[in-house]
Amino acid sequence: MSGKAKNPYAKPDRFTRDAKEQGFKARSVFKLSEIQSSVRIFKQGQRVVDLGCFPGSWSQYVLQQIGSKGVLVGVDLHEPQLSGGTWIARSVLEVSAEELIAALGGPADLLLSDMAPNTTGVVEADHYRQIELATCALELAEKVVVKGGSFVVKVFDGRDAQAFQEQVRKVFGTVKRYRPEAVRQVSREFFLVGLDKR
Ligand SMILES: C[S@@+](CC[C@H](N)C(=O)[O-])C[C@H]1O[C@@H](n2cnc3c(N)ncnc32)[C@H](O)[C@@H]1O
């Protein structure tokens, strides 16, 4: 058996097949669509930020949801090969709130973060690096999202996850936790959805 076949993240499943059939760049799109089915965070004409947007499946889905009057700004170390959004190809740690607001043409209705570091397999270390990215997303959300707006953030579960959730609760009136069906069984990831920004 090759190394790739042993990697549970590389194994195609029904979400991988459905993504390919529907023209999405990654199976991750079904995590976001499941969240949308449950909480209805998208509306036509919104301004949206997508942090960790490469290869682009969430951005593809966002563009469908917000329509031609909406505005999407995506940030990632790599630029998605996709039209319809404004891409900032840089680390989120080097992006300011002012820059995002300027690129959007105003404050965001919704900020998404599916950011994840390259995992090392050392669970604790991966957790801390991921929480650092999630915290950066929350700090940007605090400055960029309008009052009443929303936030979706990926979290790798672990020691600091609860403390992070409490930080999200300080910024958003309602916080819900999701583990969509498309999350791989072996993964420690879940999503927090913050609604009604204070
Ligand atoms: C799970 S992928 C996102 C998949 C994407 N939501 C989609 O549907 O196509 C995680 C992304 O986080 C990005 N990332 C990791 N560290 C980052 C950083 N410091 N700044 C911006 N993006 C980062 C990675 O480059 C990677 O593309």
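**Exercise 1. The shell around the ligand**

Find which elements each supply at least two residues of the shell around the ligand, and say which residues come nearest.

Solution. Helix H4 (57–66) and strand E2 each supply at least two residues of this shell, where helices (H or I, at least four residues) and strands (E, at least two) are DSSP runs, numbered from the N terminus. The model is a predicted one, in which local features need pLDDT of at least 70 and side-chain atom pairs count only at pLDDT 80 or more, while totals for chains, interfaces and linings use all residues. Residue numbers start from 1 along each chain as its sequence is written. Around the ligand there are 23 residues, of which Gly52, Phe54, Ser57, Val92 and Asp114 come nearest; a residue is near a molecule or strand if its C-beta atom, placed from the backbone, lies within 6 Å of it. Sorted by class, the shell has 14 nonpolar, six polar and three charged residues, with Ala, Val, Leu, Ile, Met, Phe, Trp, Tyr, Cys and Pro counted as nonpolar, Asp, Glu, Lys and Arg as charged, and the others, Gly among them, as polar.

**Exercise 2. The sheet**

Work out the order of the seven strands in the open sheet, and explain why one side of E3 and of E6 is left without a neighbour in the sheet.

Solution. The strands follow the order E3-E2-E1-E4-E5-E7-E6, with mixed pairing; two strands pair if DSSP finds at least two bridges between them. Strand E3 (86–89) and strand E6 (172–178) stand at the edges and have a single partner strand each, so one side of each lacks a neighbour in the sheet. Within the sheet, strand E1 (residues 47–51) pairs with strand E2 (residues 71–76) in the parallel sense over five bridges, and valine 48 has leucine 72 in E2 as its bridge partner.

**Exercise 3. Helices H3 and H4**

Determine at what angle helix H3 (residues 29–39) and H4 pack, and which residues meet.

Solution. The angle is about 40°, and the axes are 8 Å apart; axes are lines fitted to C-alpha atoms, for helices over the stretch in contact, and angles run from 0 to 180 degrees between N-to-C directions. H3 is therefore oblique to H4, given that angles under 35 degrees count as roughly parallel, over 145 as roughly antiparallel, 65 to 115 as roughly perpendicular and the rest as oblique. Val29, Leu32 and Ser33 in H3 meet Ser57, Trp58, Gln60 and Tyr61 in H4, where two residues are in contact if their C-beta atoms, placed from the backbone, lie within 7 Å. This contact of H3 with H4 divides into four nonpolar, three polar and no charged residues.

**Exercise 4. Helices H6 and H7**

Decide how H6 and helix H7 (residues 161–171) are arranged.

Solution. The two helices pack at an angle of about 5° with their axes 11 Å apart, and H6 and H7 are therefore roughly parallel to each other. The residues of their contact are seven nonpolar, two polar and one charged.

**Exercise 5. Two backbone features**

Locate the cis peptide bond and the residue with a positive phi although it is not a glycine.

Solution. Most residues other than glycine have a negative phi, and most peptide bonds are trans. The bond from phenylalanine 54 to proline 55 is cis, with omega near 5°, and proline 55 lies in the loop between E1 and H4. Arginine 40 has a positive phi of about 55°, and arginine 40 is found in the loop between H3 and E1.
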